[in-house]
Amino acid sequence: MADRPIHIVVAIKQVPDTSNVRINPQTGTLIREGVPAILNPYEVHALELAVRLKEQHGGKVTVITMGPPAAVEALRECVEQGADRGILVSDRKFAAADTLATSYVVATAIEAIHKEDPVDLLLFGKQAIDGDTAQVGPGVATRLNVPLITYAVKVEKFDPENRTAIIHRKVERGVEILQTTLPALLTVEKEIAEVQRAPLPNIIRAAQYQPEMWTASAPVAFDVAQIGIKGSPTIVGSAGTPPLKKAGAKVTASEKGVAETVKMALAEVRRVKGEG
Amino acid sequence: MSDTKNRIWVFIEQENGVAHPVSWELLGAAQKLAHDLPDASVEGVLLGQNVRGIADEAFRYGASRVYLIDDPALAYYRNRPYSFGISNVVKKYAPNIFLVGATSLGRDLASSIATRVRTGLTADCTELAIDKEKKILAATRPTFGGNLMATILCKTARPQMTTVRPRVLPTPKPADVPVAGEVISEPLGMTEAEVGTVLLNFIPSEEEESIEYADVVVAGGRGMGSPKGFGLLKELADALGGVVGASRPAVDAGWISYAHQVGQTGKTIRPKLYIAAGISGAIQHRVGVSGSDFILAINNDPNAPIFGIADFGIVGDVFQVVPELTKQIAAGDQPLATSH
């Protein structure tokens, strides 16, 4: 018996490549110019998992993101990787959203998608590399009242027919093997799926692909009290570079000799520890 | 329960009946915050099955009251029953501040609670203080991969929630004798059938020394050149009774496993002695080790950023300096770093 077609929604974020981020030392603020925008690395793997499951079971992968108009590029990348449908939820009214407001928008949009095309699985990256909060995925699962499995590293079994799956989850002490009902929401580690090169037809399709554009009022009317600044309980008070420990002595081994330098270092450790 | 008390709550994380030390670190921080808030009380929240005994430990670390939900559905951690149970208790007792450890369990849990009670949550804070004027929590956290520190305020929604990573804060000294406290038992209000997930099996990771709570950590970076270079570090660590750590480039190169990674992208540590060998010291690394009592850095580049936070810096060849350290420590009769 053939499986019924499945529907997976992957939530993505376009982020500045933090390995290239520079800070203005005078103001302690971020220099954004010249920093490339990339698809959040964990979501590349989330999408790969979605595409694999689609290949096995047949069906469809929808990708959704909240962000500025430029995020269409990230959605095109997803189409290149095998997504069928891309939705950009974008409006100035969403600006300055914290994780609570963001999870409201993403959850509400997914609910709307689910109404017209029921969803079997929701995938998020374990965190976005710009904010590193890891809050939006759990927030969306809570709002949609579906089981949440964070730090997923493997899908052992995916059985949409019986609405159940077995997922491996990485925690500090080892790996949990969990059985969950479907639909469920997973936030994934990179190990969840190895990324393969996109096939040529996808690349051609992606180049011309126009993602659907959703605003704060259509096709879904978002509650203005729950979006943007108004819907965000947290604000950034101040920002700066991290305060760190002060430096002590520095000795060049080639000048003092290795044995003597090491002797000095150990004497200093003993002296400081003795004081403590 | 709407009294005027400024309740400062700490989630007492436990697994298999053993409390995670981050819970005590947070109780220590809560007591400091309580000094700057009028009519404040430090309280714990504890969930599990047959875990009442842990409440007594929390009292010794400074909690005056513990809210306890003891239920078979809480025998092991799952997001839904935990977040549901705690959210109900939050709604009932209206804490002003709620601190949770930024472990994989705590991060999973805190965001769900914040969503259920519709409040703000600041993740992975490295510093907590009470804003003197506004009398609200000022929670400082690294962002943009550790390049920037942002202080986050939660103006009106309550509780003000934050997660804090283990070892970012010092561990307070517990009272030597039992301390009396109040246990408030609350029902879970959810049955096993409503949970949705079941743990089928658990595969523990191979026995690895934990670097998080070690007194001495000897870490290597790209400058160690190869997995072989880490053998030298292991010898030094053994001589000191410590464990081996690594910078991200060394882990990315595959020389040693991720469990050894030191820094914000790995483990934050605050050992008595930290030795950084062949580590240049990216900002994420420096922030993650800055709480160490003593930092000894060895690098052949005199301009390596790691020297900026080192109590003692040796500009030199790690392959000469590290074996010499091992030799002198093995020969010496004075213990290092264990004295307090």
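This is a predicted model: local features need pLDDT of at least 70, side-chain atom pairs count only at pLDDT 80 or more; totals for chains, interfaces and linings use all residues.
Trainee: Which residues have the most contacts inside the largest nonpolar core?

Mentor: Residues are numbered from 1 along each chain as its sequence is written, and chains are lettered from A and ligands numbered from 1 in the order in which they are written. A nonpolar core is a set of buried Ala, Val, Leu, Ile, Met, Phe, Trp, Tyr and Cys residues joined through C-beta atoms within 7 Å, where buried means that 20 or more other C-beta atoms, placed from the backbone, lie within 10 Å of a residue's own. The largest such core has 126 residues, and those with the most contacts inside it are Val10(A), Val105(A) and Leu123(A).

Trainee: Which helix of chain A gives the most to this core?

Mentor: Helices are DSSP runs of H or I with at least four residues, and strands are runs of E with at least two, numbered from the N terminus. With eight residues, the element of chain A that gives the most is the one spanning residues 99–116, helix α3.

Trainee: How many residues of chain B are in contact with chain A?

Mentor: Two residues are in contact if their C-beta atoms, placed from the backbone, lie within 7 Å. On the side of chain A, helix α7 (residues 258–275) gives the most, with 13 residues. Chain A brings 70 residues to these contacts, and the number from chain B is 74.

Trainee: Which strand of chain B is joined to strand β14 of chain A?

Mentor: Strands pair if DSSP finds at least two bridges between them. Within this pairing, Gly240(A) stands opposite Met149(B). Six bridges join β14 (residues 234–240) of chain A, in the antiparallel sense, to the strand of chain B at residues 148–154, β10.

Trainee: Why is strand β16 of chain B largely enclosed by the rest of the structure?

Mentor: One side of β16(B) carries Leu273(B), Ile275(B) and Ala277(B) and the other Tyr274(B) and Ala276(B), and both faces are covered. The strand (residues 273–277) is largely enclosed because, of its five residues, the number buried is five.

Trainee: Which residue of β17(B) is the bridge partner of Ala277(B)?

Mentor: β16(B) is joined by five bridges to β14 (residues 216–220) of chain B, running parallel, and there Ala277(B) partners Gly220(B). β16(B) also pairs over five bridges, in the parallel sense, with β17 (residues 294–299) of chain B. In β17(B), the partner of Ala277(B) is Ile298(B).

Notes: A residue is buried if 20 or more other C-beta atoms lie within 10 Å of its own, exposed if 12 or fewer, and partly exposed in between; C-beta atoms are placed from the backbone.
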